[in-house]
Amino acid sequence: MPGMGPVDSGFLLIESREHPMHVGGLQLFTVPDGESPTWVRDQLTVESDQISPRFRLKPKDPVGLLGNFRWSVDQHLDIDHHIRRSAVPGPHRLRELFELTSRWQGSLLDRHRPLWEAHVVEGLEDGRVAVFSKIHHALVDGVSALHLMQQACSADPNAMDCMPPYALPSAHVEGTVSGKSPGLGIPNPAALLRSGLDLAGELATIGPNSLKVAYRSLRDTGLTTPFDAPRTILNGRIGGSRRFVAQSFDINRFRQVAKSSDVSFNDVVLAVCGGALRRYLAELDELPDRSLTAMCPVNLRDESSEVGGNQIGAMISTLGTDVDDPLERLEDVHESTAAAKQTMRELSPLQLLLMSGYNVAGLGLSMLPTYSLGGRPPFNVIISNVPGPRKQLYFNGAHLEGTYPASIPVDGMAMNITLVTYDDQVDFGITACRQSAPSVQRMIHHLEDSLAELEQATA
């Protein structure tokens, strides 16, 4: 019977009604000409014996009081339980689709069965079909789940041999267990929690002096450090209900602003998110005087970098929510990220490990039962940028219009913003606690307004 690693066991142990520990992804497809909407479900339906071994695993003791330590293999997998067909209610817009997605993202997976579901959604007014997939973090981490969905597709519109992610050969799946994802960073709070707790242990064993060395020259560098963030409505306890919204933007809009301002693509993303959050909180009369900060996974691979094998770090950046001028906000963000990257380049691998651990350790502590949320949060929001396919993709002739990740809010971090680049577009997925972050659908409009404001200012 397969053993369960301590990390995977941990994700099951900390799961509760308020903290579902699954990652999700919404994909939109255009059905090939002449095919009915039911065609997509037919393509996704496979025989039970075609399911990949990893997608047949379920906890051996689903309701064990001391946690779960072993997997069992479902020998009689009920395919109709895992692949479900739904329809968008009237008036059949994306808004109604997001309501369905929000409900699925906020509901727990059945531990008596393999921990995944695929919902095929028909009835959109424009004829497109959506597929919302959710899978427990104990089986596959967030980036790997996204890669699995993309690997199921092909860049060839005429390819007709595509298989759904849960039916891919095991060779495609074995590298996707939590903690074994290739170096694309930490896309959601669940993985951050794992890293935060592990690295907090490193901090305790190595001692404060090494950390002091890592931060000794940071006073005047413009670096944004943990707990610089103000307390907002996004940084308290959360409930179990979720709200999910998504939107695609032309990637060239971000690139043009970056080129005009001589900053990075990520700087523009953060500034746009900062402008959107400023508007969102101001509408709720909850905008603090101090700027919000964001934790961002960052790829440290650089020609001039001396960080050795450490390719991923946890960077904290200001979002400039305390300033009204969009160019000043972008400049603040750029100075903050530049200081963080420069500091990371100058650190030894051990110091870099300590710094990244310190940056995310507060999030791990916030989920402990004895942790008090009375002080400042380590940061206000998580913003992850995941590089996606550079070509348009197809699933047996159905065109993939967009991929929108649904992540995991936790106590102290009620909103998660994740974006995926896909050919010539940027797909945003925002997942939030429905109670702590009310009317989060307004963020989509605020992102557009914030981006348009930057375009006008840099034109």
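Q: Is Phe265 buried or exposed?
A: Phenylalanine 265 counts as buried because its relative accessibility is 19%, and buried means under 20% relative accessible area, with exposed over 50% and partly exposed in between (1.4 Å probe, protein chains only). Keep in mind that this is a predicted model, where local features need pLDDT of at least 70, side-chain atom pairs count only at pLDDT 80 or more, and totals for chains, interfaces and linings use all residues. Residues are numbered from 1 along each chain as its sequence is written, and side-chain values use heavy atoms, with hydrogens and water left out.

Q: OK, and what about Phe254?
A: Phenylalanine 254 is buried too, at a relative accessible area of 1%.

Q: How many aromatic pairs are there in the whole structure?
A: A search turns up nine. Rings of Phe, Tyr and Trp (its six-membered ring) pair if their centres lie within 6.5 Å; planes under 30 degrees apart are stacked, over 60 edge-to-face, and the rest tilted. The rings of phenylalanine 254 and phenylalanine 265 have centres 5.8 Å apart and planes at 55°, so that pair is tilted.

Q: Where do those two sit in the chain?
A: Phenylalanine 254 is in helix α9 (residues 251-261) and phenylalanine 265 in helix α10 (residues 265-283), 11 residues apart. Helices (H or I, at least four residues) and strands (E, at least two) are DSSP runs, numbered from the N terminus.

Q: Switching to strands: which way do β13 and β14 pair?
A: Antiparallel, over eight bridges; two strands pair if DSSP finds at least two bridges between them. Isoleucine 417 has isoleucine 430 in β14 as its bridge partner.
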